Amino acid sequence: MENFSALFGAAEPPPAAAAALGFGPAKAPGAGAAPPPTASAAAPPPGEDAARKAAAGPFYLLRELPGTTELTGSTNLITHYNLEHAYNKFCGKKVKEKLSNFLPDLPGMIDLPGSHDSSSLRSLIEKPPICGSSFTPLTGAMLTGFRLHAGPLPEQCRLMHIQPPKKKNKHKHKQSRTQDPVPPETPSDSDHKKKKKKKEEDPERKRKKKEKKKKKVSGKAGVRCPAHGPPRGSVSGHSQGAAGQQLSQALSVLPPQNRHSPEHPGVGSSQASSSLR
Amino acid sequence: MAEKFDSLEEHLEKFVENIRQLGIIVSDFQPSSQTGLNQKLNFMVTGLQDIDKCRQQLHDISVPLEVFEYIDQGRNPQLYTKECLERALAKNEQVKGKIDTMKKFKSLLIQELTKVFPEDMAKYKTIRGEDPPP
């Protein structure tokens, strides 16, 4: 801004400091038309300033251009100072937020703000503790002051044992998810359970089936079935001959399963017929 | 340089470990562990002496105060380094943009001034020499 103000305030004579920095003597705006001072014509001021003024010709407020070797913001300063590695390290990947990630082996809850328990480093600088300049080992008499009562500390004092919760590794989750989209053990487990249930249910079912069949048989004994002709129990009643009596006796001897069932109508009758033979 | 920090780091780690063991002894204190406690207390004093000795080697190291704010807030101090680098790069790019714009402005100004004041600009060019294009 100093340069710009000097440029725009060219009508006024520049301060001595500006002249010392290499600015030419202040002239009126029309002074450019005057013959340029040469090295011989100009008064020989000592040093480089005179040479500069001579070289400036009709121009005033002419400064030397900055050297090309000068370090400016046009160059990448991170590469210039060999900080690419640091930049890639810290800015390339996400840096974890918590202090416990930086100091994982430090015991205690270090992620909490230091102002909570007045353990901040700032307070250590602003209000340094009043202590001597040297550390001396504790003598036997001094150590008697550190005799403690036996027993555990109360829970509110056990700050050393509290550790910040560590997150589980995400890769493990990903692997388990990708590798086991459908866990292979679950169906087998469920199969086992089903089998067990089936095994457990089987005797009950059998009993129920037996009971149902018994009921059916007993019910059918007195009820006429139009599809299969007259009921067997009533055979003796309808045909009051010797053959009918034998048939009824044979049926009563047969187990209920071998008797006529609606599912296998021919089986019971054939067996009955064979027994009759 | 790294050796200085290594020795300090080693002493600090030993000190922290000693304090941790001290905490374990104190958390469930038994009368038989009084001698161990006294020993740990004296280790603590010697540990502080060792850390204090490291101060002489590190008198030329300066730490920015902003780092302490990060640590006091329970934040990773590497975040400070990261933000510093990002800020430096952003400022670097900003300044580079300004320099490039000024160079363009200069070349355009010379171009236009040459049209209006050809003689003066010819003298100027003889003094300055041909500027490289921006």
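Biologist: Leaving aside its neighbours within four places in sequence, what is B:L89 in contact with?

Modeller: Quick caveat: this is a predicted model, where local features need pLDDT of at least 70, side-chain atom pairs count only at pLDDT 80 or more, and totals for chains, interfaces and linings use all residues. Residues are numbered from 1 along each chain as written, chains are lettered from A in the order written, and side-chain values use heavy atoms, without hydrogens or water. Taking contact as heavy atoms within 4.5 Å, and skipping those sequence neighbours, the partners of B:L89 are A:N76, A:I78 and A:Y87.

Biologist: Is A:C91 buried or exposed?

Modeller: A:C91 is one of the residues in that core. Its relative accessibility is 18%, so A:C91 counts as buried.

Biologist: How many disulfides turn up over all chains?

Modeller: The test is a pair of cysteine sulfur atoms within 2.5 Å. Searching the whole structure gives a count of 0.

Biologist: Which residue of chain A forms a salt bridge with B:R75?

Modeller: A salt bridge needs a side-chain nitrogen of Lys or Arg within 4 Å of a carboxyl oxygen of Asp or Glu. B:R75 sits in the loop between α3 and α4 of chain B, and its partner in the loop between α5 and α6 (99-102) of chain A, so the pair joins two chains. B:E83 is also linked into this network of salt bridges. The closest N and O atoms are 3.7 Å apart, and the partner is A:E97.

Biologist: How far apart are the end C-alpha atoms of helix α1 of chain B?

Modeller: Helices are DSSP runs (H or I, at least four residues; strands are E, at least two), numbered from the N terminus. The expected span is 1.5 Å times one less than the number of residues. For the 26 residues of α1(B), residues 2-27, that should be 38 Å, which agrees with the end-to-end value of 37 Å.

Conventions: Buried < 20%, exposed > 50% of the residue type's maximum accessible area, 1.4 Å probe, protein only. Core = buried A, V, L, I, M, F, W, Y, C linked by side-chain atoms within 4.5 Å.
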